[in-house]
Amino acid sequence: MTHRIRYIMVGGFLGAGKTTTLGRLAAHYREEGLNVGIVTNDQATDLVDTNTLRSQGFEVGEVAGACFCCNFNELIDTMGNLSAEERPDIILAEPVGSCTDLVATVIQPIKQLFDAEFEIAPYPVILKPSHGVRILKNEQGRGFSPKAEYILKKQLEEADVILINRIDELTPEEVDEITSLCKEQFEETPLIRMSAKTGEGFDELVEFLTQQGEFGHKILDIDYDIYADGEAELGWLNSSLTLRSDESFDLDQALLGVVQHLQSHLLSAELEPAHLKVIGLWEGFFGVANLISSQTQAELSLPSKCNVKQAEVIVNARVACDPELLEDFVNEAVSAVAKEFNLTAEFRQTQRFRPGRPVPTHRFATPGRE
């Protein structure tokens, strides 16, 4: 009998660290001799996460144009294509960071409709400290409206385990504070403190994911009007472009420059970024720069350490603002970097929009019933 594929979905808000976590998990399972497939997800094509994971040598399928819940059949087809040549032992799935209610609309449908093919692992949700602490404390100036914050809270509510990520960036007192907040508000949910970047706490996550049992069963009581309004407050932009020069330029500094210029525009306009990601690709090398909130610094998360004359660049921006304004900011940031490094920038494609109302393919109101 063909073995069942273990389905591991890792949720969390935009910028929480899902891609880094999935990359570390995939590397771990590959080192154990297991076949691993990854499925990424976005509301549009040209996804930085997909290119980042593929550049690390992983087999990655992409569900683009809608979230997993609204494009469930494509999720199943994509996982089937990953297993066409060599059936995976594990499929790691990264849902859109602005989505919630994924237990009822993704995990339970897989469990009930495709039980012979997949077994469900515990569902971890990553908490992003930069926004999470402010939202859980109900602080002033949190950056997002209550409707957008509703999504983050609902994501944590349906988790089998909450991963407090980026502890390498926090003081022990800050880690204790966010741990206490989670215990107060999600008292029955286990917590793991970790750093996807350094690997601290990662063994505990791997061990937790080996558990067998009834996981992915927390069906939310959720208001889809609030959910839809909160998601629609985010401007969404994916751009692809080519940077060229007659002389070699530092790819990492160019990528970081784009993010820093974007950050400057957003700070001036008092707009809150949910996440900014920029990847540059050149002949097998790649670099990634990102920004996860207004209160953190832009960082070169994956350096290429390359000087190049040409690079293919993808910009993903999720910001609480009008998408047209966001496109203007991206164009200005790219132009500023092109001028600084004496480059030409040729945009191939830009998609900008606000996410539409989520309409799940399936929704099980209780485990086992649709």
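Student: In the hairpin of E11 and E12, which residue takes a positive phi?

Tutor: Glutamate 283 does, with a phi near 45 degrees, and the hairpin has two residues between its strands. Strands here (E, at least two residues) and helices (H or I, at least four) are DSSP runs, numbered from the N terminus. Note that this is a predicted model, where local features need pLDDT of at least 70, side-chain atom pairs count only at pLDDT 80 or more, and totals for chains, interfaces and linings use all residues. Residues are numbered from 1 along each chain as its sequence is written, and side-chain values use heavy atoms, with hydrogens and water left out.

Student: How many bridges pair E11 and strand E12?

Tutor: Seven, in the antiparallel sense, with E12 covering residues 285-291. Two strands count as paired if DSSP finds at least two bridges between them. Phenylalanine 285 in E12 stands opposite tryptophan 282.

Student: And how many bridges join E11 to E14?

Tutor: Eight, and these two strands also run antiparallel. Isoleucine 314 in E14 is opposite isoleucine 279.

Student: Why is strand E11 largely enclosed?

Tutor: Nine of the 10 residues of E11, which spans 273-282, are buried, so the rest of the structure largely encloses the strand. Buried means under 20% relative accessible area, exposed means over 50%, and partly exposed lies in between, using a 1.4 Å probe and protein chains only.

Student: Other topic. What is the strand order in the open sheet of five strands?

Tutor: The order is E4-E3-E5-E1-E6, and the pairing is parallel. Strand E4 (59-64) and strand E6 (118-120) are at the edges with a single partner strand each, so one side of each has no neighbour in the sheet. From one strand to the next, the twist averages 25 degrees; such angles run from 0 to 180 degrees between N-to-C directions, with axes fitted as lines to C-alpha atoms.

Student: What is the bridge partner of methionine 9 in E5?

Tutor: Alanine 93. Strand E1 (residues 5-9) pairs with strand E5 (residues 90-94) over four bridges, in the parallel sense.

Student: How many salt bridges are there in the whole structure?

Tutor: A search finds 22. A salt bridge here is a side-chain nitrogen of Lys or Arg within 4 Å of a carboxyl oxygen of Asp or Glu. One of them joins aspartate 42 to arginine 318, with the closest N and O atoms 3.1 Å apart. That pair links distant parts of the chain, 276 residues apart: aspartate 42 is in strand E3 (residues 36-42) and arginine 318 in strand E14 (residues 307-319).

Student: Are aspartate 42 and arginine 318 buried or exposed?

Tutor: Both aspartate 42 and arginine 318 are buried.

Student: Which residue forms a salt bridge with glutamate 177?

Tutor: Lysine 137, with the closest N and O atoms 2.8 Å apart. Glutamate 177 is in helix H7 (residues 172-185) and lysine 137 in the loop between helix H5 (129-136) and helix H6 (146-157), so the bridge ties together parts 40 residues apart in sequence. Glutamate 177 is partly exposed at 32% relative accessible area, and lysine 137 is partly exposed at 36%.

Student: Now pockets. How much space lies in the largest pocket?

Tutor: About 650 Å³. On a 1 Å grid over the protein atoms alone, a pocket is an open set of points with protein on both sides within 12 Å along at least five of seven lines, a cavity is a set where a 1.4 Å probe fits but cannot get out, and lining residues have an atom within 4 Å of a point. Points are joined across faces, edges and corners, and a volume is the space filled by probe spheres set on them.

Student: Which element gives the largest share of the lining of the largest pocket?

Tutor: H1, with five residues. By class, the lining has 11 nonpolar, 15 polar and 11 charged residues. Nonpolar covers Ala, Val, Leu, Ile, Met, Phe, Trp, Tyr, Cys and Pro, charged covers Asp, Glu, Lys and Arg, and the others, Gly among them, are polar.

Student: What about cavities: what volume does the largest cavity have?

Tutor: About 30 Å³. The structure holds one cavity of 30 Å³ or more. Its lining is Leu241, Leu243, Val258, Val313, Val334, Val337 and Ala338. The largest share of that lining, three residues, comes from H11.
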